[in-house]
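Reader: I am new to this structure and would be grateful for a close look at a single part of it. Please take the pairing of charged side chains as the subject.

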Amino acid sequence: MNAPVDVSFFHRAAKPLTSYRKYWAARFGTARFLPTSRKEMEALGWDSCDIIVVTGDAYVDHPSFGMAVIGRMLEAQGFRVGIIAQPEWQSAEPFKALGKPNLFFGVTSGNMDSMINRYTADRKIRSDDAYTPGDVGGKRPDRAAIVYSQRCKEAWNDVPIVLGGIEGSLRRIAHYDYWSDKVRRSIVVDSKCDLLLYGNAERAIVEVAHRLAAKEPVHQITDVRGTAFVRRETPEGWFEIDSTNVDEPGRVEAHVNPYLMVSEQAKANGATCAREDEAQAVADVANHANPAIKPISFVPNPRVRLKVPPRDHSVIRLPSYEQVRSDAVLYAHANRVLHLETNPGNARALVQAHGEGTTARDVWINPPPIPLTTAEMDYVFDLPYARSPHPRYADENGSHDHATKIPAWEMIRFSVNIMRGCFGGCTFCSITEHEGRIIQSRSEESIIKEVEAIRDNVKGFTGTISDLGGPTANMYRLGCKSPEIEAACRKPSCVYPGICQNLGTNHDPLIKIYRRARSLKGIKKILIGSGLRYDLAVQSPEYVKELVQHHVGGYLKIAPEHTEQGPLTKMMKPGIGSYDRFKQLFEKYSAEAGKKQYLIPYFIAAHPGTSDEDMMNLALWLKKNGFRADQVQTFYPSPMATATAMYHSSKNPLRKITRDSETVDIVRGDKRRRLHKAFLRYHDANNWPLLREALKSMGRSDLIGNGKHHLIPTWQPLTDGGYTSARRKNSTAGPTAEKAAPVRLAPVKPSKGRMLTQHTGLPPRDNGSGSNPASRTSAGPVRGSSRKPR
């Protein structure tokens with residue numbers, strides 16, 4: 001059995017969220033929706049707001065949306081909170097809509113990084129925005145956190161700005177920016193915010209709000225975990241650890257005993273030396289002849305002790321912004337150090353200089369926030385959310401289901417978030433950098449209460465819960481068996497290269513929740529929509545059986561990401577053998593239940609460490625297994641991710657960085673990125689000319705032909721350069737295509753023994769929304785923000 005979640009030693013050190021004395025404005029009570037206009041403020045009897053939250057998302061009062069969680073949390077502490085959602089940013093006037101806040105502006109770009117939200121992996125502008133009414137793009141600026149902060153300063157120069165959200169989390173130090181192809185300064189410097197809160201910030205925002213309400217100057221609030229700010233120098237009493245360079249001498253080894261024989265040295269290394277053995281035999285004889293002759297023994301001096309500075313007063317100085325901007329090796333080194341200092345139990349503060357001479361200043365980053373306990377998670381999710389978009393977004397019929405529908409809300413409308421965090425450590429993903437790797441789980445009672453609230457109160461509910469999950473589907477209540485080991489561990493992943501022996505993998509609490517939730521009156525179906533960690537799932541066949549036989553709606557998405565060891569080692573993902581073991585269990589339990597169900601694997605093209613041969617082998621695996629991938633993702637270098645550091649530096653931060661350390665094969669340039677994507681879509685005739693050219697240059701012309709064992713045919717059909725997908729929004733028209741409705745190919749009947757996919761006629765999946773899932777876009781939030789909002 002797993003250790004209880006709340007026994008971790010650092011849980012006991014944190015001040016509970018419910019222990020603060022409420023601010024005087026609590027007398028105004030709870031608002032149905034947090035006000036977004038002066039009129040709404042007046043209806044509540046407010047003359048001003050204590051805190052105004054500025055967000056790049058439409059205001060949806062739901063616990064999957066950051067602005068709602070922070071707003072409701074602050075409201076529960078007694079503060080009057082207003083929301084300015086998706087303001088026009090061309091001037092400061094829209095930022096004055098609610099008047100001057102009494103305490104501070106809270107600024108966030110939204111649930112997604114604004115650049116990832118706006119641009120594709122090929123740096124093309126997206127036409128849609130899932131967090132905007134009507135799915136309309138362009139409602140927030142590029143680098144929204146910086147723009148909003150500047151406008152807030154223009155509106156009210158003397159009001160503190162507290163920056164948060166995933167955009168702030170991923171840019172808290174100098175970071176590689178994929179869109180400008182250069183290293184940018186910390187967002188703390190560029191936004192000129194007074195305080196940055198990174199990660200899930202409930203604990204930090206509550207403390208900061210109460211301290212500001214007590215008239216404490218914002219520049220004196222420097223001891224809150226999970227915050228970053230600018231300061232001029234390291235304060236007295238702190239021990240600074242210099243980590244501004246690589247290839248410096250490491251720990252000095254113990255002195256070699258000069259009397260130690262070569263054979264003894266060889267023996268210590270597991271070898272032997274016959275010649276020295278003979279010499280030792282002669283010496284032994286001589287020693288027996290004269291026992292007074294003895295070798296000198298070296299003993300440590302008890303008075304010489306190396307005193308390790310206390311971690312809570314130690315700060316690691318990273319290479320400066322100017323250094324990492326001009327030296328990619330130092331950038332990789334800084335990235336590695338940052339990721340080693342992410343465990344709240346042992347992380348030290350970090351500091352990074354920006355500027356030189358009189359303009360020099362340090363960005364100081366305090367250790368990560370203490371994770372929430374189960375009771376605190378329940379408190380956050382049990383706040384009085386309206387669970388719908390603000391009425392200002394309703395159409396003429398008062399509905400949010402048509403022209404003004406917000407796709408991100410639609411996706412989580414009937415879902416329940418049961419946990420936070422991820423200990424997978426996938427290098428391309430940013431969940432760990434934002435939510436941390438300590439799993440924070442809600443109680444069973446709180447989860448069931450939310451399921452019942454959806455059933456009883458959410459308009460349009462048809463009986464189907466679309467998801468019980470989070471960043472992953474099956475990490476609920478999983479964690480380290482030992483609180484001491486958990487607090488001391490510095491591993492980036494608990495499941496790579498294999499599952500840690502100290503990790504509890506008991507899925508019984510999750511199985512219990514599944515069974516109880518689906519037995520509730522009025523609940524017809526509980527689906528699992530979050531990504532499944534299948535290498536964990538196979539540790540519990542009972543869980544796989546429960547999942548497959550009761551909670552799969554036609555197909556189940558999982559993410560092996562690749563089949564070849566080269567890229568998998570750079571992703572920190574398990575080998576394809578784990579996928580095969582899960583597939584066997586999936587098919588076994590599906591057959592036992594008499595159901596036809598299908599696995600939908602996700603793969604990444606052009607990830608660092610991926611060769612052209614790796615992609616070719618993946619394409620061959622796809623064809624052998626009968627897959628025609630419709631949803632294809634090209635590697636997207638999100639800020640601060642480990643794989644992004646690989647992409648920028650060609651070094652591997654998973655190992656110690658030196659000038660001569662491992663070099664990673666990086667897929668750069670549009671042509672090579674298109675090639676890797678083309679291998680994943682080997683069935684698309686528009687890709688065949690590119691693939692033929694590549695296969696010939698790779699010496700694999702044997703894969704070009706018209707037989708079953710060939711990857712692509714020798715003949716080329718007449719195409720318009722576009723791609724026709726089973727999902728309309730995935731289709732692209734070629735340059736010669738007429739402006740007409742896209743032609744949809746009839747589903748291809750797979751041959752016997754082949755698996756159905758979305759491209760070859762997979763039946764659509766019901767997500768409980770009452771709409772046809774096949775008509776919706778398959779392009780959800782990019783991995784690296786998370787596959788679902790929040």
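**Salt bridges in the predicted model**

Author: Glu-444 and Lys-512 form a salt bridge in which the closest N and O atoms are 3.6 Å apart. Because Glu-444 belongs to helix α15 (residues 444–457) and Lys-512 to helix α17 (residues 508–518), the pair ties together parts that are 68 residues apart in sequence. Glu-444 has a relative accessible area of 17% and is buried, since buried means under 20%. The model in which this pair is found is a predicted one.

Another of them joins Arg-413 to Asp-401, with 2.7 Å between the closest N and O atoms. Here Arg-413 lies in the loop between α13 (407–412) and β15 (415–417), while Asp-401 lies in the loop between β14 (388–389) and α13, so the pair ties together parts that are 12 residues apart in sequence. Arg-413 counts as buried at 5% relative accessibility, whereas Asp-401, at 28%, is partly exposed.

A further salt bridge is formed by the side chains of Glu-662 and Arg-655, at 3.3 Å from N to O. In this pair Glu-662 is partly exposed, with a relative accessible area of 26%, and Arg-655 is exposed, with 54%.

Salt bridges may also share partners: in this way Asp-113, Arg-143, Arg-171 and Asp-177 are joined into one network.

Key:
Residues numbered from 1 in each chain as written. Predicted model: local features only at pLDDT ≥ 70, side-chain atom pairs only at ≥ 80, totals over all residues. Heavy atoms only, no water. Salt bridge = Lys/Arg side-chain N within 4 Å of Asp/Glu carboxyl O. Helix = DSSP H or I, 4+ residues; strand = E, 2+ residues; numbered from the N terminus. Buried < 20%, exposed > 50% of the residue type's maximum accessible area, 1.4 Å probe, protein only.
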